[in-house]
Amino acid sequence: MKLFTRITNYQRLLLSLIVIHVVLVGGCAIRYGFAWTEVGLLPAGILDWQYGNFDAFRVNPPLVRLWATLPLLTFDPEVAALAADIDPRDRLEWTLARSMLESNPEAAHRWLVLSRLFCLPFTITGMYVASRWARELYGSAAGIGAALLWAFLPNNIGYGCLISGDAQAASMGLLTLYLFRGWLKRPGLVETYQLGLVLGLTMLCKSSWLILCGLLPGLCLVIGVVQYCKRNRDMGPQKADTMQSRIRQLVSLGSALVIALFVVNLMYGFAGSFRRLDSYQFISKTLAGSDDWQAYAPYSGNRFAGTWLGRLPVPFPEDLVIGVDLQKWDFDRERWSYFRGQWRNHGWWHYYLYGMAIKLPLGFWLLFLIAATGFLLRASWRVPWQQELLLWTPMLLILIGASLETGLNRHLRYVLPAMPFAIVIASRAFRVFDVPHRTLRPAVAVATVWIIASSLWIYPHSLSYFNESIGGPYRAHEYLNASNLDWGQDLPYLRRWQQANAEKRPLMVTNYLHIVDPSAAGIQTNGAVPSMPTRRNHRTGSSTPQFQPGWYAIDRETLLRRSGEYQYLRQFEPSAWAGYGFQIYEISIEQAATLQRQWLDTNEPTVPQ
């Protein structure tokens, strides 16, 4: 009881927001079905524990899936081990997923829920660090504001409940930069060890955070040089002392990087560590070389062969290097991207900026605008430039790097690690509650209520959130696709719809997450929704679809297929929705006959005149 009385009002409020966030994320974790990458990550994590190798799902480092599947070891889960293919382009994880779902159709979803809930410490850590960083920079109100934003932003809820690694990497990236901030003030032995340990764990969450190996020394150098020039304009003994302290600081940072590399290699058991760069056979255009590059087997190469760089050892384990190459290959090969109703085989530089504009609550953008205005107009809202640099640099690097990678525009989750820094920056707007500012207080209060109401209105379908500027999630398919809207997570909602509408038969179901059989999810189907091939995609000898009356349930990702074989359903209005992923159409006898005639008219052979 005495311990509770020593807790301040700030701590009580922060704890309450953490509990609310945990309830919201946990609720989604229980309700959602498998999201696309989770069907591969779950069996890959189990095999990682059982066999100690990381051949499966090389495109992602193993830390998150290892942590997520740790509690499953108590159930002794059975996942059939498969021989790894030599070619990394043959993704072993999808074969593992099919095997797991066939042999464990009922247990697989329970495993998934437990794994998701076990990952809650990641989002709690990120929320606490964001609040603490904001409080140290902008005051107590900003600290609560950052926690509130973290708790209610739909992306944090929707992705925070998955084991895909994106939200976990976002939290760990923020923690790394926060520890780096403390290390800059006091680069002692304990701080150096902590920074190195967390940096290594962060890189093991998402390979995109490998940029920290260059970003942290770069920030340290820029800050050190500027401070050195400001403090030592005159020659004297103090100048030499300052130079020595900067050198010691760089040596200390080098030690942290060595610790981080040790942590990364230790996770992989030092398998293939320190191989020569020219000993790899790469498949991506970037690493293999652009001369006569081909996306598919058996092409491979190494642009570093015969150069001095090729003789250097790579300080990373083999599977991590292969995973980075595989991820780059995924961007280099021809991939079609969808944006604002248009398909094309190269992306748009503004894809992620536009996506964030419509996927984040408008109230958040209002807070961000208020924070930026306060920074420009009020000196009391500003913090030292070094502190601003530590927030803005990683956020902008992530956004710019993703925007330049136009080979594939598909998932806004690729820029999710930038969001924690944006949250801390936006929390500056809450300074209006610490200092007198009658004009902006109502605006900040309205923006905050707007965020909470907008997020809770769509909950628990937070992954499908789109703001009011485009009319919410019902029109989202006109702008974005894939994990931004429908990542396969709504299959349980289709089961609930069927249970509530038992008389609506027959039910045909098509879901783009085809690895998960609807029957395994408890859905009784009468086959798949028939497709209507167009002249563009019709194959000679393909069977004639049989359109029959009934209920057609199809997810929006499949409806958006570039081939267009399900676009015929657009002429009808959906009779019902299952979540925001599945649209359900009631097809009458007359409509089925009309569809059959439409197919015959479209695909009848042309008679030469």
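Author: Salt bridges and their surroundings

The count of salt bridges comes to 20, a salt bridge being a side-chain nitrogen of Lys or Arg within 4 Å of a carboxyl oxygen of Asp or Glu. The model is predicted, so local features require a pLDDT of at least 70 and side-chain atom pairs a pLDDT of 80 or more, while totals for chains, interfaces and linings use all residues. Residues are numbered from 1 along each chain as its sequence is written, and side-chain values use heavy atoms, with hydrogens and water left out.

Side chains of opposite charge can pair when their charged atoms come close. Arginine 116 belongs to helix α6 (residues 107-118) and glutamate 38 to helix α3 (residues 38-51), so the bridge ties together parts that lie 78 residues apart in sequence. Helices here are DSSP runs of H or I with at least four residues, and strands are runs of E with at least two, numbered from the N terminus. Arginine 116 is buried at a relative accessible area of 1%, and glutamate 38 is buried at 0%. Buried means under 20% relative accessible area, exposed means over 50%, and partly exposed lies in between (1.4 Å probe, protein chains only).

A second salt bridge joins the side chains of arginine 58 and aspartate 319 at 2.9 Å, N to O. This pair links distant parts of the chain, 261 residues apart: arginine 58 sits in the loop between α3 and α4 (63-69), and aspartate 319 in helix α15 (residues 318-332). Both arginine 58 and aspartate 319 are buried.

A further salt bridge is formed by the side chains of arginine 181 and glutamate 136, at 2.6 Å, N to O. Arginine 181 lies in helix α10 (residues 166-185) and glutamate 136 in helix α7 (residues 120-138), so that distant parts of the chain, 45 residues apart, are linked. Arginine 181 counts as buried at 6% relative accessibility, whereas glutamate 136 is partly exposed at 38%. Salt bridges with shared partners also connect Asp55, Arg58 and Asp319 in one network.

Arginine 556 lies in helix α22 (residues 556-559). Beyond its neighbours within four places in sequence, the residues in contact with arginine 556 (heavy atoms within 4.5 Å) include Tyr474, His477, Asp486, Trp577 and Gln583.

Strand β4 covers residues 550-555, and six of its six residues are buried, so the strand is largely enclosed by the rest of the structure. With strand β3 (residues 507-510), β4 pairs in the parallel sense over four bridges; two strands pair if DSSP finds at least two bridges between them. Opposite tyrosine 552 of β4 stands methionine 508. With strand β6 (residues 582-587), β4 pairs in the antiparallel sense over six bridges, and in β6 the bridge partner of tyrosine 552 is tyrosine 585.
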